[in-house]
Amino acid sequence: MGCEAKPEAAGTLKQGLKKHDKCLKCSGQAKVLLPYGPQKFCEKHFVELIEKRFRKTVRRYSLIKRNEKLVVAVSGGKDSLTALYLTNKFFRNSNKIVALLIDEGIKGYRDKALKLAVKNCRAWEIPYKLVKFKDEFGFTMSTIYKKMKKSVINLGSPCAFCGTLRRTVMNRYAKRLHADKLITGHNLDDELQSILMNACDNDLARFLRCGPISGVKSFEQFVQRVKPLCEIPENEIMLYADFVGIEHYSGYCCPFRSEAKRNAYRRIINSLEEQYPGTKFSLWNFYMQIKPILLKSKGFAELTLNECSRCSEPTASKLCDTCRKLALLRKL
Ligand code: SF4
């Protein structure tokens with residue numbers, strides 16, 4: 001959320017196409033070339049392919065059940081709006097859906113994206129709730145960034161603060177809105193970056209939290225987060241959003257994005273995919289095979305969550321990350 005790929009990324013799926021190339025499914029002109037197939041599709045059949053994958057992921061991991069109340073976290077970028085669009089398209093008759101719009105307070109960026117998110121919610125007749133970091137925590141991300149820059153201590157990347165506070169908002173409001181599931185727009189690239197980053201940090205607990213359903217174990221205070229786009233690459237979501245006409249903010253990137261650690265992992269994974277098409281799916285399948293083995297083995301199965309002693313949000317320790325970070329910010 002918030003860390004969007006460059007819009008031209010979708011264009012890479014058109015490279016190498018010749019004028020007379022035909023769609024794999026019909027005699028129409030091919031508009032998309034998926035290098036890992038390699039397979040060519042016309043616009044209609046590419047849209048069908050993405051929708052089929054979305055539904056398959058939902059079914060395979062039982063992400064959504066009939067009559068569940070679904071809260072979809074929306075930033076205004078193409079991933080979260082696509083997650084909202086697809087959830088609404090396939091589940092509006094069987095489930096209640098609410099969009100949770102989160103404003104981190106990033107001047108000139110998030111405000112523009114959220115305007116489009118509101119416009120889409122109205123057009124799709126989806127009720128929404130807008131929550132601001134400023135109201136929840138007393139700080140905007142722009143203020144937090146200024147504080148971080150002035151500090152003599154190295155506080156790491158602003159994204160670590162942003163992500164932590166955002167997860168708290170998502171869980172807090174998913175509970176208040178009585179959600180059975182919280183849907184996020186994490187795509188395949190987001191997941192792979194997290195998997196590799198956590199492996200390189202030797203952080204097994206976080207490594208095991210990746211995948212279609214967040215959380216090692218279900219916990220009363222924790223609304224399960226599900227990721228129905230987790231098996232679709234980012235550039236394919238971008239093209240899908242363009243083809244079906246989802247209006248999303250793709251202009252200016254988050255000003256703090258260049259400091260995100262995951263950028264390095266994004267570059268590595270994209271370069272591997274370019275040299276060896278299919279690497280992203282292989283890495284994902286490898287993770288999905290190894291995760292249950294690790295969870296079953298002695299020791300890892302004991303990873304549990306507690307209530308934070310200050311705010312009652314779920315945490316693996318006594319005080320949650322958000323409360324620790326807020327205490328630090330107040331001291332600065
Ligand atoms: Fe994304 Fe980082 Fe910007 Fe937050 S600060 S929106 S995590 S790039």
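Let's start with a word we'll need throughout: a residue is buried when its relative accessible area is under 20%, exposed when over 50%, and partly exposed in between, using a 1.4 Å probe and protein chains only. By that rule Cys 121, at 0% relative accessibility, counts as buried.

Keep in mind that this is a predicted model, where local features need pLDDT of at least 70, side-chain atom pairs count only at pLDDT 80 or more, and totals for chains, interfaces and linings use all residues. Residues are numbered from 1 along each chain as its sequence is written, and side-chain values use heavy atoms, leaving out hydrogens and water.

Back to the cysteines. A disulfide is a pair of cysteine sulfur atoms within 2.5 Å, and this structure holds zero of them. For Cys 121, the nearest cysteine sulfur belongs to Cys 162 and is 19 Å away. What about Cys 210? Its closest cysteine sulfur is in Cys 230, and because the two are 11 Å apart, they are too far for a bond. Cys 210 is buried too, with a relative accessible area of 4%.

Now for charges that pair up. A salt bridge is a side-chain nitrogen of Lys or Arg within 4 Å of a carboxyl oxygen of Asp or Glu, and the structure holds 20 of these. One joins Glu 231 to Arg 60, with the closest N and O atoms 3.0 Å apart. This pair links distant parts of the chain: Glu 231 sits in the loop between strand E8 (225-226) and helix H9 (234-244), while Arg 60 is in helix H1, 171 residues apart. (Helices, H or I with at least four residues, and strands, E with at least two, are DSSP runs numbered from the N terminus.) Glu 231 is buried at 9% relative accessibility, whereas Arg 60 is partly exposed at 46%.

Another salt bridge brings Lys 227 and Glu 191 together, at 3.1 Å from N to O. Lys 227 lies in the loop between E8 and H9 and Glu 191 in helix H7 (residues 188-200), so the pair ties together parts that are 36 residues apart in sequence. How accessible is Lys 227, buried or exposed? Lys 227 counts as buried, at 6% relative accessibility, and Glu 191 is buried as well, with a relative accessible area of 2%. Elsewhere, salt bridges that share partners join Asp 203, Arg 206, Asp 321, Arg 324 and Lys 325 into one network.
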